[in-house]
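This briefing is to be read beside the sequence and the three-dimensional model.

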Amino acid sequence: MAYISLQSLKRFLGIPGEEAFFTDKDSVYRTIESQYAANNIFTEGKKSFSQVELVQMVSQLKDEVIIVFDQWINSSPGLSKLLLEETLTRNDFGDKLDQHLLFPAFKRFITPFLVPELKRFLDQNTGKHQFNAASYLPLMDEQGQFIIQDQLLRQFSSDWQLLQNELETVSSEADFNEKIKRFYLPEHIGLFNFFTKPFYAHKVKFVENSIELFRHPMATAPVVLWITKQLQNLELNPEHKEKVSMVHRSVLQGDQSYFTAKPRVQANWSFKKTAGILAVLALVGFSIFYLVNYAGKVSPQDDEKTASSFSKFTPEERMQLDSLIRTMEQKTVENEDFTDRQNTNYLHLTPVQAQINSRDPLRNKLAEQYVQDCMKAYDLSEMSLIDSCAVYPENKIKKLEISPFTALSAMPGDVPLLLRNESDYQVQILIFEEKANGEVYSIFVPAQDAIKCKVREGYRMVLVPGNNLGKAELPKLSGVSKFYKHHFCFMDGNFLAQLFQVYVIKDIPQSEIKILLNSTANQQLYVVDLYEALEIEN
């Protein structure tokens with residue numbers, strides 16, 4: 001569909017004003033007929049229009065607001081060149097007009113004209129056209145934005161895959177730098193900045209792919225610093241922007257881990273497994289040491305109820321802990337697959353990505369609904385569609401109850417549970433009976449805090465870790481249920497992965513279940529289950 005300027009057509013026909021296109025169509029039709037009878041052909045830029053095309057166009061004019069839209073188009077050199085002269089330059093449409101009350105209607109009006117013109121240029125697949133085409137995204141409605149962004153992303157994915165293939169044969173730093181630089185020029189970074197919120201995840205993916213690129217054997221500190229400097233120009237949310245800045249600062253301070261090529265590991269992964277095992281052993285050893293020596297101690301500011309929940313471990317328990325450590329050391333030496341699953345009867349690590357592709361729904365309808373809500377909120381957060389979050393103070397977190405859940409302190413359990421949260425996360429704990437209408441009990445445990453309560457054998461437990469707990473400000477039609485009113489402003493991979501890990505509380509001979517939550521140096525949450533009272537439900 002080609003656009004015809006009312007101002008240009010008015011001059012061609014010699015009529016006094018654009019209002020005649022709406023109030024006196026018959027007169028306009030007669031004037032068009034007389035012009036073409038005299039062999040006068042209307043042209044707009046590089047295009048010529050027939051008499052039939054002009055009559056059809058005038059017949060479709062219904063609302064005089066189009067006169068305003070036509071004036072906006074003609075006042076924008078870039079927009080008028082694109083629609084009238086088939087020339088693509090950067091969008092220079094006035095910033096102030098996007099605040100106009102008519103702007104939403106203008107986007108609906110102009111999108112059918114913009115999309116085919118932009119697609120024609122994008123089919124040429126040049127970097128300059130891609131950036132200029134993306135600059136018109138703010139002028140289109142959602143459907144038009146999706147069409148253009150989808151084509152841009154398909155082209156980018158194809159170009160990036162071609163780059164990966166080319167880098168396999170790169171043998172010099174200069175060649176590496178030459179091949180990757182076009183992806184980080186201002187025009188390319190600017191292209192991503194025009195992307196709308198539903199496409200935000202692709203912007204984050206570009207950052208992640210770039211960090212992986214640093215591990216190429218020909219990548220050096222100077223080029224990594226240059227790339228991270230360019231990535232800092234991406235319009236990201238504060239969390240992702242800080243991650244980019246952190247990489248830049250680390251490399252600037254001499255950290256080579258981001259770009260130094262790692263030694264290739266043989267098929268048995270022996271080096272990787274050994275390092276992983278030693279790291280886990282050290283962490284678990286420290287965690288158990290903490291449980292033995294400090295789990296029963298409280299700070300003076302702990303309230304009386306919390307203080308009474310702590311008790312020191314008995315000598316028998318210490319002997320059992322020592323035995324567990326020796327058994328664990330033996331298992332990790334004999335079984336190189338230890339780090340593949342990353343779990344034992346008394347050590348539970350957050351599932352890896354390969355383990356969270358699917359899950360069986362919980363039979364407890366309320367718990368399942370909440371898990372689904374959390375997953376949807378995570379996706380919305382990843383796309384930056386949760387615009388605000390008023391963070392609660394710590395004292396409110398401890399007292400917060402989520403309707404329709406029941407406070408965990410009110411659970412009529414018969415098995416004492418002591419849980420210490422030494423991780424860097426605030427953790428919401430759900431404990432529920434696995435039947436359709438079973439009760440769901442909940443409590444929030446701040447970082448570096450503890451709870452003591454009573455639970456029941458056979459009940460399920462789900463951990464929901466995050467940070468900056470606050471009020472959920474969710475967009476309309478998000479699909480999240482009405483009682484999902486609190487969420488973590490900071491959600492990472494642990495948040496999502498733990499939703500796929502359901503623990504079953506087992507019957508144990510000991511008088512009390514003792515659990516420690518902690519996180520590794522790379523922020524992987526793990527659970528030390530002293531008496532093997534938790535079993536992961538498959």
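Helix 1 and helix 4 cross in the left-handed sense (left-handed if the near helix is turned anticlockwise from the far one by less than a right angle, right-handed if clockwise). The model is a predicted one, in which local features need pLDDT of at least 70 and side-chain atom pairs count only at pLDDT 80 or more, while totals for chains, interfaces and linings use all residues. Residues are numbered from 1 along each chain as its sequence is written, and side-chain values use heavy atoms, with hydrogens and water left out. Helices (H or I, at least four residues) and strands (E, at least two) are DSSP runs numbered from the N terminus.

**Helix packing**

- The axes of helix 1 (residues 6-13) and helix 4 (residues 51-59) come within 13 Å and cross at roughly 125°; axes are lines fitted to C-alpha atoms, for helices over the stretch in contact, and angles run from 0 to 180 degrees between N-to-C directions.
- Helix 1 and helix 4 are therefore oblique to each other (under 35 degrees counts as roughly parallel, over 145 as roughly antiparallel, 65 to 115 as roughly perpendicular and the rest as oblique).
- On the helix 1 side, Leu6, Leu9 and Phe12 meet Leu54, Met57 and Val58 of helix 4; contact means heavy atoms within 4.5 Å.
- Helix 13 (residues 221-231) packs against helix 14 (residues 238-252) at an angle of about 155°, with the axes 9 Å apart, which makes helix 13 roughly antiparallel to helix 14.
- Helix 13 contributes Ala221, Val224, Leu225, Thr228, Lys229 and Leu231 to this contact, and helix 14 contributes Val244, Val247, His248, Val251 and Leu252.
- The crossing of helix 13 and helix 14 is left-handed.

**Helix 7**

- Helix 7 (residues 103-122) has a kink of about 45° at Thr111, shortly before the proline Pro112; the bend at a residue is the angle between axes fitted to the seven residues ending there and the seven starting there.
- Buried residues of helix 7 include Phe103, Phe106, Phe109, Ile110, Thr111, Phe113, Glu117 and Phe121 (buried means under 20% relative accessible area, exposed over 50%, partly exposed in between, with a 1.4 Å probe and protein chains only).
- The axes of helix 7 and helix 9 (residues 142-167) come within 9 Å and cross at roughly 10°; helix 7 and helix 9 are therefore roughly parallel to each other.
- Thr111, Val115, Leu118, Lys119 and Leu122 of helix 7 make the contact with Gly144, Ile147, Ile148, Gln151, Leu152 and Gln155 of helix 9.
- An α-helix has 3.6 residues a turn, so residues three or four places apart point the same way.

- Seven of the seven residues of strand 6 (residues 426-432) are buried.
- Both faces of strand 6 are covered, with Gln426, Gln428, Leu430 and Phe432 on one side and Val427, Ile429 and Ile431 on the other.
- Strand 6 runs antiparallel to strand 9 (residues 460-471), to which seven bridges join it; two strands pair if DSSP finds at least two bridges between them.
- Leu430 stands opposite Val462 of strand 9.
- Strand 6 is also joined to strand 7 (residues 440-445), again antiparallel, by six bridges, and Gln428 has Phe444 of strand 7 as its bridge partner.

- Five strands form an open sheet in the order 3-13-12-5-8, with mixed pairing.
- Strand 3 (347-349) and strand 8 (449-455) are the edge strands, each pairing on one side only.
- From one strand to the next, the twist averages 20°.
- Strand 5 (residues 415-421) pairs with strand 8 in the antiparallel sense over seven bridges, and Pro416 stands opposite Lys454 of strand 8.

**Individual residues**

- Asn39, although not a glycine, has a positive phi of about 65°; Asn39 lies in the loop between helix 3 (25-37) and strand 1 (42-44) and is exposed, with a relative accessible area of 65%.
- Asn468 has a positive phi of about 60° although it is not a glycine; Asn468 is found in strand 9 and counts as partly exposed at 39% relative accessibility.
- Asp175 lies in helix 10 (residues 173-180) and is partly exposed, with a relative accessible area of 29%.
- Asp175 and Met218 are 43 residues apart in sequence and 8.7 Å apart in space, C-alpha to C-alpha.
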